[in-house]
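Subject: The model you asked about

Hi,

My notes on what turned up in it follow below.

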Amino acid sequence: MSQNYQNVLAFIFAIEEINRNPHLLPNISLGYESHNSLHSHGNILKNILILHTGQDEIPNYICRQGNKSIALLTGTSAITAAQTGPLLELYKFPQLTFGSFDPILSDDDQFPSLYQMAPKDTSLALGMVSLMLHFRWTWVGLVITEGAKGLQFLSDVRAEMGRSRVCVAFVKIITSVTVSYYFQQQQHDFITRETPPVYVVIIYYDPESINDVNYNIGLHIVTWRVWVTNSQWHADLTGKNFILDSFHGTLIFSSQHKEISGFKKFIQTVNPSSYPEDIFLQQLWYWHFHCSLSDSGCVLENCIPNASLAWLPVNRFDTAMSDASYNIYNAVYAVAHALHEMLLQQVQKQPVRSGEALVISPWKLHSFLRNIQFNNSAGDQVNLEKKVNLDTKFDILNFWNFPEGLRLKVKVGEFSPCVAHGQQLSLSEEMIQWAIGSTETPHSVCAESCPPGFRKSPQEGKASCCFDCTACSENEITNDTDMEQCVRCPDHQYANIEQNHCLQKSVTFLAYEDPVGKILAGTALSLTVLTAAVLGLFVKHRDTPIVKANNRALSYTLLISLTCCFLCSLLFIGWPSTATCILQQTSFAVVFTVAVSTVLAKTITVVLAFKVTAPGRRMRQLLVSGAPNYIIPICSLIQLTLCGVWMGTNPPYIDTDAHSEHGHIIIVCNKGSLTAFYCVLGYLGSLALASFTVAFLARNLPDTFNEAKFLTFSMLVFCSVWVTFLPVYHSTKGKVMVAMEVFSILASGAGLLGCIFAPKCYVILIRPERNSLHGFRDKTHSRRKKTY
């Protein structure tokens, strides 16, 4: 392969450069010989025997009389080293490998005489995953060529992907080319679109088995995927497709090294006449420069004048020094420097006499190779000490091959594993050419990112990168993409409409400034003034029959209690305090108990007045003595006792309600003991029910100046208001609950005021003729006439 021939040229270039250097191995010329193993382990063993002994028939017998080799340069893989290592180790023969770094070969106990020129690439997996994170590719396929290095890389990259939450869409292990055709078809199904929508695939190449993968990918013309691979990858050089190429846009991680000056010029000057014994060089000229063979078949004729390998397109021969060629160059120099130091030490200990040949033992070279350290002509440091072999920096190359045949590798970034995290990767995105058909950065995810306000819901049986987006619940937020859990806003905050931010709640209460507060306060004051006016009217006409009827003192008491009822509703409006929270409940309970018990006393008075007609009866004595008036203090005392127990055990207190109204924290009065609250309310309800029952039974009594029907209707209104209040009160929250309670107080009080006193005020103000004893007698006489 022409690309491998560059390794041979790099080897020759290094030796010739050393031989011209007067400061390195002066008066000594390095020689070399090369052997082609043809990818056969048997040939490799045979070549090693020939190289070391001078013949391949009798092992451990050296017949070579001339100069001997002192070191061996190979592209040996771990599998080959397992076979050749024990043989070379018998003679402590130095072996330098120029292939990619293999952790197995760095074992000093198993391979003490072997040196790897390639730097460590253990950070390759980290570099590739960093690239995935940079472009937010979270759904990535893995194609690994079979072998120990491939499996080690697979383990490393899966661990890095797991730490970085990049999911593996599929893993394909590419076996050797000797497997059956049917099995090859099965393992290359990742190429077609039948697999999950994975647009980014990492391919790790082991140089021993790359052709098979290249062939299958190129065969399908997969122009819609982005391939990310290591430097051992190379594109198929045949150029089968016109314009389109499956590998255009490939991103390659290549070990970073500087350009060796003079190498390209050397490539330009190489020709068959310079190296007549190089058969492969003559073949290149014959294939590419229209040469013909002489009659003897050994000489090229009629070639293009001044032809050069630099004329060939990149797909035929690449003049840029590859990683392997760079390692070979350094290996030759490492041997030369070690040999220089060893010879210098020998001369200092025992000078060489004139005409005496130097005796060089290869095994003695090890101590110098292990300690050798120098800078090559490009300025890069070379160190063969196995323990200080550091991770290499990577150049990120972009493969441009549109139209097909261009085959440029353009540096678009680099990855430095030794710098601070977050600064390891640098890219020039504007220089990257993506796969054919892609005008923007490809997108490779199993599921689209969940925006703020949504959380990820995993899909059962699938990778963590495959998920659904579920909206956060009420008052929960996510403020970043792809969050797995929603965060609930604190009680003093609330979620905005997009549910991506918590906003501060505003503190609110039933204030006088609110429209509802204004209406309720205005209504309470109006009813208070109206009740006071009725009381003044009754006091002014206190000697008239209609005021005297049914106990004038009870009417005054009822009007005063109603005034207090209307005023106590104002305690529910405004900023709550501990005092107002306690007063609003106790005052409400007590004044309404006084009002209802007064109504009950008036009702019993009416019943006694019209049902007790026989003199001397005990019930008549009750009426004359004013016994119904004792109902008020007795009932009020019971209610005061209940309120006292309530206040003494668990009184009302200031509380906040952060959930009733969206975006608001409501300052409310907590009832404290709900049991005590319902006991107080239940007692008041029982008293109202008793008043209604007595009034209902007395509704058919004569209605001239009596209040039986009006009392019945007033208690019906009162009970209706509070029966309606209970379910509505429990179904509301916050300010509405408070407003509902105030409305019930005003409505029930207004019902008592209107039903009992409105008819009386009508007679006093509109029909004064009926508010006299003469009018009362005329009305009574007329009724009796109608009766007879």
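A definition before the area figure: accessible areas come from the Shrake-Rupley method with a 1.4 Å probe, and for residues only the protein chains shown count as cover. On that basis the protein exposes about 39800 Å², with carbon and sulfur atoms supplying 58% of it.

Some housekeeping. This is a predicted model, where local features need pLDDT of at least 70 and side-chain atom pairs count only at pLDDT 80 or more, while totals for chains, interfaces and linings use all residues. Residues are numbered from 1 along each chain as its sequence is written, and side-chain values use heavy atoms, with hydrogens and water left out.

Confidence

pLDDT is the predictor's confidence in each residue, from 0 to 100. The protein averages 80, and 81% of the residues score at least 70. Helices (DSSP H or I runs of at least four residues) and strands (E runs of at least two) are numbered from the N terminus; the protein has 21 helices and 24 strands.

Two stretches deserve a flag. Over residues 178-187 pLDDT stays under 50, and the model has 10 contacts (heavy atoms within 4.5 Å) for them beyond four places in sequence. Residues 779-788 also stay under 50, with four such contacts. Where pLDDT is low, the predicted coordinates should not be read in detail.

Overall packing

Buried means under 20% relative accessible area and exposed over 50%, with partly exposed in between (1.4 Å probe, protein chains only). Of the 788 residues, 48% count as buried. Of the contacts with a separation of 6 or more, 66% are between residues 24 or more positions apart.

Two strands count as paired if DSSP finds at least two bridges between them. For angles here, axes are lines fitted to C-alpha atoms (for helices over the stretch in contact), and values run from 0 to 180 degrees between N-to-C directions.

How enclosed is strand 8? Five of its five residues are buried, so strand 8 is largely enclosed by the rest of the structure. Leu251, Phe253 and Ser255 point one way from the strand, Ile252 and Ser254 the other way. Strand 8 pairs with strand 7 (residues 226-230) in the parallel sense over three bridges, and Ile252 is the bridge partner of Thr229 there. Towards strand 13 (residues 394-400), five bridges join strand 8 in an antiparallel run. On that side Leu251 stands opposite Asn398, and Ile252 has Leu397 as its bridge partner.

Another open sheet has three strands in the order 1-2-3, with parallel pairing. Strand 1 (72-74) and strand 3 (114-116) each have a single partner strand, so one side of each is left without a neighbour in the sheet. The twist averages 25 degrees from one strand to the next. Three bridges join strand 2 (residues 95-97) to strand 3, with Thr97 opposite Gln116.

Salt bridges

A salt bridge here is a side-chain nitrogen of Lys or Arg within 4 Å of a carboxyl oxygen of Asp or Glu. The structure holds eight. Which parts does the Lys671 pair tie together? Lys671 forms a salt bridge with Glu741, the closest N and O atoms being 3.8 Å apart. Lys671 lies in the loop between strand 24 (664-670) and helix 18 (674-697) and Glu741 in helix 20 (residues 734-765), so the pair ties together parts that are 70 residues apart in sequence. Both Lys671 and Glu741 are buried.

In the Arg552 to Asp543 bridge, the closest N and O atoms are 3.5 Å apart; Arg552 is partly exposed at 28% relative accessibility, whereas Asp543 is exposed at 56%. Lys92 and Glu89 meet at 3.0 Å, N to O, and Lys92 is partly exposed at 43%. Finally, Asp395, Lys411 and Glu414 are linked in a network of salt bridges.

Cheers
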